[in-house]
Amino acid sequence: MAPPRSKKVRPSFRRLLKTSDVKLENKLKNRQMKQQNVAKKQRKEQKKLRQAVKEAVLRTPRPLETYKKRPEEEEDEEEFLETLPTDMIEDEDMQQMTAMARQASFITRDLSSCGPVHGGKKRSSEVVHSYEKVPRKMVRTEEKEIIHLLPIKDKTGVIPQTVERVIKHQEQEEAAEEQEEPENEGEPESVVELTAEQMELLRAQKINQKKLLIANMASAVISDPSSNIKRLKELRGMLMESDPCVAVTVRKLVMVSLMEIFKDIAPTYRIRPLTAEEKGVKVKKETQRLREFEEGLVSQYKFYLEDLEQTIKDWKQQKKKRSQVVSLQSYQSLAHVSVRCLCELLLALPHFNFHNNIVVVLVPLMNDPAKQVSDMCCDAFRKLFQEDKLGGASLATVRVVSGLVKSLNYNIRPEVLRTLLSLRIQEIQMKKDVEATAPKKKFMNNKEKKSLSRMKRKWKKAEEKLEKELMEVEASESKENKIKLHTETLNIVFLIYFRILKKAQGSVLLPAVLEGLANFAHLINLEFFDDLLNVLQNLIQSGDRTNRESLHCIQTVFTILSGQGDVLNIDPLTFYSQLYWMLPRLHAGAPNDDIIILLRCLDTLLIRRRKQVTLQRAMAFIKRLSTLSLHVLPNASVGLLAANRATMHSFPKCDFLLDNEVQGSGFYLPELDEPEHCNAQNTALWELHTLQRHYHPVVRQFAAHLSRGAPSEGSAALGMELSRRSPVELFEDYNVKDMTFNPPVAPPRTKKKDRFTHGATLLDAELQRRVNEALDATEETQLDFTATQTPSQH
């Protein structure tokens with residue numbers, strides 16, 4: 001009979017699929033727990049077995065040392081003992097010996113131990129343990145040396161092992177060392193014996209070898225960076241060149257080579273460190289290779305920057321290294337190369353790792369006493385500000401500069417603050433940058449669209465529309481982020497300027513601060529206008545400021561008033577009078593660069609604010625500017641005359657100054673420093689007549705143009721190359737800073753000797769013939785007076 005069928009229904013495959021994940025997880029955990037329990041039981045059993053074996057070994061009694069003797073020897077020994085007298089031992093000693101003999105442990109116990117009688121049985125391993133405690137020292141004798149080896153253990157016990165080695169006498173060793181020393185010292189002596197020419201030739205050979213080695217390693221890294229990234233470590237090792245003959249040159253070459261390598265192989269993105277979770281994830285071989293390359297590149301780049309920084313620190317601290325390979329004087333040239341490498345990396349890799357660390361190192365060097373180092377760093381940061389389109393690098397630099405100014409208590413060089421003038425924080429530049437940084441996408445033209453089917457054209461049109469929308473979103477986001485960075489940067493810059501205005505008005509930094517305020521005045525918040533105008537007015541009226549500082553104050557005030565400050569109800573007549581008073585003091589004996597600031601001020605005062613300027617004030621400025629143009633250099637004269645031309649176009653009624661007739665009552669008062677009350681309408685621009693005889697052709701051209709009323713058309717009008725240029729541009733174009741004239745001075749004409757022309761003839765034909773013969777005769781012909789003799793000689 002068949003066995004009864006199990007009533008338990010086997011689950012179907014579909015039912016197994018419906019098993020919950022929790023149940024499967026519990027099953028997996030139970031299986032793992034069972035395996036762990038089984039493994040734990042096995043470990044416990046093995047441990048018990050080892051313990052039992054060890055205890056069994058310890059319980060075995062140690063055999064007593066017994067020597068089997070022959071029967072004859074035993075009988076002799078007994079007879080000898082019987083013959084000994086017994087009265088030599090006292091009764092108490094005899095009793096004690098008998099009691100000790102009854103104790104078996106007394107015989108088996110190690111007599112050298114100091115423990116109790118029943119203190120436990122000594123283990124057999126103690127012999128080995130005591131042997132291990134003996135230090136393995138070589139016993140030196142005069143003739144031989146004993147070396148202790150590991151012992152051997154057998155049934156009888158431990159057998160020590162030793163080896164003897166014959167050694168040399170001390171006198172023989174000293175003699176051998178004396179023989180080796182001359183051999184080692186032979187090379188320096190040979191170098192010393194070389195002549196200067198030979199040493200220079202040897203040095204050139206060593207440098208060429210190092211150059212070839214550096215070039216091979218660098219080319220290997222650049223050709224395959226991912227495979228040869230370890231070569232960077234070898235190159236960095238050459239920064240510690242120990243040969244004093246070529247150490248400085250080799251280190252400089254390695255610094256520059258590594259800089260160029262990092263500029264070439266560094267990616268266009270910042271490498272971030274991997275998290276623990278990302279490291280635990282299994283990835284493809286290519287991804288793993290890329291991760292290893294990035295990790296190695298970042299670490300080597302970090303070590304390289306640390307080496308450059310340490311070189312600069314050693315130079316600044318006048319600190320010698322452990323070896324006297326490089327002198328302190330040579331450290332200066334090494335430090336200059338290090339600074340140059342850092343400046344290059346600052347400009348070439350603003351997006352890469354450790355850029356902020358480079359900024360932190362270089363910003364204090366802008367205030368370095370060494371002019372070469374300071375100028376190098378200042379130029380690098382100017383270029384960084386000009387090339388920074390996003391604003392992140394500029395913000396990081398300005399933060400470090402602010403901390404430097406505050407930590408040194410405003411005792412820094414003005415060039416540090418003048419670098420901030422190169423910041424690209426203007427609305428026009430921001431719009432250009434957004435267009436430049438927005439991703440450019442090439443869309444299909446009509447010819448390409450016609451080659452596609454109708455359905456593909458439809459899909460392509462929808463795709464291009466979506467891409468355009470995405471590009472607009474990216475551009476708007478980048479613009480918002482950029483404006484945010486620029487706003488934060490400007491806040492820090494104005495914080496620096498306002499601190500100096502408040503706490504260090506007598507500092508040498510004040511001109512740079514005023515120049516910066518004039519440059520960024522259109523971006524100042526309205527909340528600071530009143531306080532700032534009061535401070536600037538006090539600075540001007542104090543009379544302690546130079547012409548340049550006063551011009552910057554006036555430029556700042558009028559830049560504010562012509563921008564957001566036009567809503568303020570402020571009458572800047574004081575600043576007009578101050579500028580009018582300063583004009584005669586800007587002659588050729590003063591710095592010519594002040595004229596360019598004056599031209600910017602005039603553009604703001606008279607042209608942009610022409611609706612707030614009266615005709616009397618405009619004519620007074622035109623008259624004084626014409627007088628000033630007689631006392632300045634030619635490029636300044638061209639700029640001032642161009643400013644007069646723009647003013648006459650803005651105020652057409654200023655042509656009164658070109659007429660000799662008096663307009664109104666009173667006399668012109670040239671000494672009065674109030675433009676509203678000097679009666680400029682009663683004078684004429686006689687300076688233009690004098691300037692028409694100026695040695696510079698462009699000055700003559702402008703003077704003739706203004707004397708005819710500055711027409712825009714006709715024969716007296718200016719050419720396109722002069723009429724479309726601003727006064728500041730004309731000032732720069734005709735600058736004589738490089739001791740060159742623009743246009744160049746024409747060379748003098750050569751005077752030719754007067755000769756008879758072929759058209760001129762004499763009335764006498766014979767005389768005309770002789771004249772022609774004399775003119776045609778060559779100059780080389782020599783007259784022979786001996787050929788013809790006079791009649792008196794016959």
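1. Ile596 touches Val728, Phe731 and Glu732, leaving aside residues up to four places away in sequence, where contact means heavy atoms within 4.5 Å. This is a predicted model, in which local features need pLDDT of at least 70 and side-chain atom pairs count only at pLDDT 80 or more, while totals for chains, interfaces and linings use all residues. Residues are numbered from 1 along each chain as its sequence is written, and side-chain values use heavy atoms, with hydrogens and water left out.

2. Ile596 is part of helix H26, residues 594-608 (helices are DSSP runs of H or I with at least four residues, numbered from the N terminus). Because its relative accessibility is 11%, Ile596 counts as buried (buried is under 20% relative accessible area, exposed over 50% and partly exposed in between, with a 1.4 Å probe and protein chains only). Although Ile596 and Val728 are 132 residues apart in sequence, their C-alpha atoms are 6.2 Å apart in space.

3. Val745, by contrast, counts as exposed, at 64% relative accessibility, and lies in the loop between helix H32 (727-733) and helix H33 (765-776).

4. Helix H13 (residues 285-316) has 32 residues, and is followed by Gln318, whose phi is positive, near 50°.

Note on methods. Helices (H or I, at least four residues) and strands (E, at least two) are DSSP runs, numbered from the N terminus. The expected span of a helix is 1.5 Å times one less than its number of residues.
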